[in-house]
Every structure is written in structure tokens, then in C-alpha cells.
Amino acid sequence: MNPKLENMLVASYPALYRSLEPRYSGACRFECDDGWYRIIDELSGKLETEARISDLQVVCVKEKLGSLRVYLRGSVADRVQEWVATAEGLSRNTCERCSQAAMLRRHKDGGGIRTLCPTCAAAMNYVLE
């Protein structure tokens, strides 16, 4: 994710992201493209309320197999799990690059799987899964 967007999320939700660090040197804290920013921001707003009254924190945010994944530590109530599941579900229909309506696609070389709109998929050599 764009460092400016990452910094906005961390600054806006300090309790939630208090321990979020890149998993390896030179990496991003949010391991996905900018198209999912709105989904992450909306989820973060809900989770921040919980993080301020409990030990809840996010330890990893990434793309995996074309879907947003959010890994939590601490007290995770049922409603928190529902919020995360909803965000992950939204990501499966939202282009990871530009936030337009999207579908799961595979790289033409048989490599990675991503959720992309037709325009981004064509630009990146991805085809329908």
C-alpha cells in the first residue's frame, strides 16, 4: 500500500495498529494495494473502538489468494470476527488496485491469484480464474 495511506491508517487508529510493523525489512505494513484502502479504513474504525477498551490489536494486514486477510491478537469478540469476515468478503468483489467491481483472476503465466477489475487485469496480464 502507498506509504501515505498506510500512515493515515496508523495515525487514525493508533490503539488498533500500535504494534503493526512490516514483516520483513523494506516491506509495507499493509501488504495489499490501494484499492482496498476504503475497506480497511471502514473496518479499522469499528475495530479501533474495541481496541481502546480491550487488548485487541492488528498484527498483519495482507492479500492472500485474492482476498484481504486481517490477523488479530487479543480479545476477539464474535462481532469483531463478523466485521473482519465482512471486510474480507467485500475484498473478493473489489479491485485491489483501483477499488472498482472485480473478480478473482489468475496471472497468464499461471502464477498469482488476485481480485482485479477488467482494466487492471488486462494491464497486469491476469485472466479470469
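This is a predicted model: local features need pLDDT of at least 70, side-chain atom pairs count only at pLDDT 80 or more; totals for chains, interfaces and linings use all residues.
Local features were required to have a pLDDT of at least 70 and side-chain atom pairs a pLDDT of 80 or more, whereas totals for chains, interfaces and linings use all residues. Residues are numbered from 1 along each chain as its sequence is written, and side-chain values use heavy atoms, with hydrogens and water left out.

Side chains of opposite charge can pair when their charged atoms come close. With a salt bridge defined as a side-chain nitrogen of Lys or Arg within 4 Å of a carboxyl oxygen of Asp or Glu, the model contains seven salt bridges. Helices (H or I, at least four residues) and strands (E, at least two) are DSSP runs, numbered from the N terminus. Residues are termed buried under 20% relative accessible area, exposed over 50% and partly exposed in between (1.4 Å probe, protein chains only).

One of these bridges joins Arg29 to Glu6, with 3.7 Å between the closest N and O atoms. The pair links distant parts of the chain, 23 residues apart: Glu6 belongs to helix α1, and Arg29 to the loop between α1 (3-12) and β1 (30-31). Arg29 is buried at 19% relative accessible area, and Glu6 is also buried, at 6%.

A salt bridge with an N to O distance of 2.4 Å is formed by Arg114 and Asp33. Arg114 lies in strand β5 (residues 113-116) and Asp33 in the loop between β1 and α2 (37-53), so this pair ties together parts that are 81 residues apart in sequence. Arg114 is buried, at 14%, while Asp33 is partly exposed, at 27%. Both residues belong, together with Glu96, to a network of salt bridges.

Within helix α2, Arg52 and Glu48 are four residues apart, a separation of about one helical turn. Their side chains form a salt bridge of 3.0 Å, N to O. Arg52 is exposed, at 58% relative accessibility, whereas Glu48 is buried, at 4%.

A cavity is a set of points, on a 1 Å grid over the protein atoms alone, where a 1.4 Å probe fits but cannot get out; lining residues have an atom within 4 Å of a point. Grid points are joined across faces, edges and corners, and a volume is the space filled by probe spheres set on the points. The whole structure holds one cavity of 30 Å³ or more, and the volume of the largest cavity is about 30 Å³. Its lining comprises Tyr17, Ile40, Leu43, Ser44, Leu47, Val58, Val61 and Val70. Helix α2 gives the most to this lining, with four residues, and β2 (57-64) supplies at least two.

Notes: On a 1 Å grid over the protein atoms alone, a cavity is a set of points where a 1.4 Å probe fits but cannot get out, and a pocket is an open set with protein on both sides within 12 Å along at least five of seven lines; lining residues have an atom within 4 Å of a point.
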